[in-house]
Amino acid sequence: MTAAYDEFASAYTAENEASLMNAYYERPATLALAGDVAGRRILDAGCGSGPLFAQLRANGALVSGFDQSPGMLAHAKTLLGEDADLRVADLADPLPYPDAEFDDVVASLVLHYLRDWDPVLAEFRRVLKPGGRLIASVNHPMMVNLTHRQEGPRPDYFAQYTWTDEFELHGEKARMTFWNKPLHAMTDAFTAAGFRIAVISEPHPVPAARELFPGDFEILDTFPSFLFFVLEAE
């Protein structure tokens, strides 16, 4: 995964900055769920090139971030400045932060890269203060299953399976591998890790995107692509 993201870090950064899926859908929805973050210590898990980190910081949060891709973090340092608290770390490994360090952990479109959520959720729970929040977004399992059914095979919605897809990012081809889980497997993992489910959200894209992306907007406005959670550490 690290090498793959290093290869297309520049294209991914450019795409993420202004795309319908990121700039007008996923990121605004995550920020809306986070609400007033002024003065809160937030960990941006899998921060990539730092656009969410930047907006949380602009909203008054004290933000730290990590990513497993040095190439993505190089772009983040350009955006955020050399003094930003950015570290190279892998979600599959213990996180380089003390216990009860953060008020919130934000995991924006990262969990669906992992087969096993238990270790990373345990680490998120460890670094959160009691009552802290995990705000997470993932590929919507119904969208994934329906897309694959339309393409040919009829995968079992209730099965956990992996697939690799090719995307065009700012004119470059990029291949990414994901794991799909049914909704109940996600919620079971959250509760087993010691989280209480406070919100499950299926938001719409920002209305201003209608004129910028008329065809794609109509599709996204009538069928969700991502699923969002707000989880409270018990």
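1. The radius of gyration is taken over C-alpha atoms, and the globule rule is 2.2 Å times the number of residues to the power 0.38. With 234 residues, a compact globule would have a radius near 17 Å, and the chain, at 17 Å, agrees with this. Along the principal axes, the C-alpha atoms fill a box of roughly 45 × 40 × 35 Å.

2. The model is predicted: local features need pLDDT of at least 70 and side-chain atom pairs count only at pLDDT 80 or more, while totals for chains, interfaces and linings use all residues. Residues are numbered from 1 along each chain as its sequence is written, and side-chain values use heavy atoms, with hydrogens and water left out.

3. The chain has 10 helices and 9 strands, taken as DSSP runs (helices H or I, at least four residues; strands E, at least two) numbered from the N terminus. Of the contacts (heavy atoms within 4.5 Å) with a separation of 6 or more, 67% join residues 24 or more positions apart.

4. Of the 234 residues, 50% count as buried, that is, under 20% relative accessible area with a 1.4 Å probe, protein chains only. A nonpolar core is a set of buried Ala, Val, Leu, Ile, Met, Phe, Trp, Tyr and Cys residues joined through side-chain atoms within 4.5 Å. The largest such core has 31 residues, and Leu111, Trp117, Leu121, Phe124, Leu134, Phe190 and Phe195 touch the most other members. Among the elements supplying at least two residues of this core are helix H6 (118-127), strand E5 (128-139) and helix H8 (183-192). Beyond its neighbours within four places in sequence, Leu121 is in contact with Leu134, Ala189, Phe190, Ala193 and Phe195. A second, separate core of 18 residues includes Leu31, Val63, Leu80 and Val106.

5. A pocket is an open set of points on a 1 Å grid over the protein atoms alone, where a 1.4 Å probe fits, with protein on both sides within 12 Å along at least five of seven lines; lining residues have an atom within 4 Å of a point. The largest pocket holds about 1000 Å³ of space. Its lining comprises 32 residues, with Met21, Met143, Phe167, Ser225 and Phe226 nearest the centre. Helix H7 contributes the largest share of this lining, 6 residues.

6. The second largest pocket holds about 490 Å³. Of its 28 lining residues, Gly46, Asp67, Leu109, Val110 and Tyr113 lie nearest the centre. H3 gives the most to this lining, with 3 residues.

Terms used:
Points joined across faces, edges and corners; volume = space filled by probe spheres on them.
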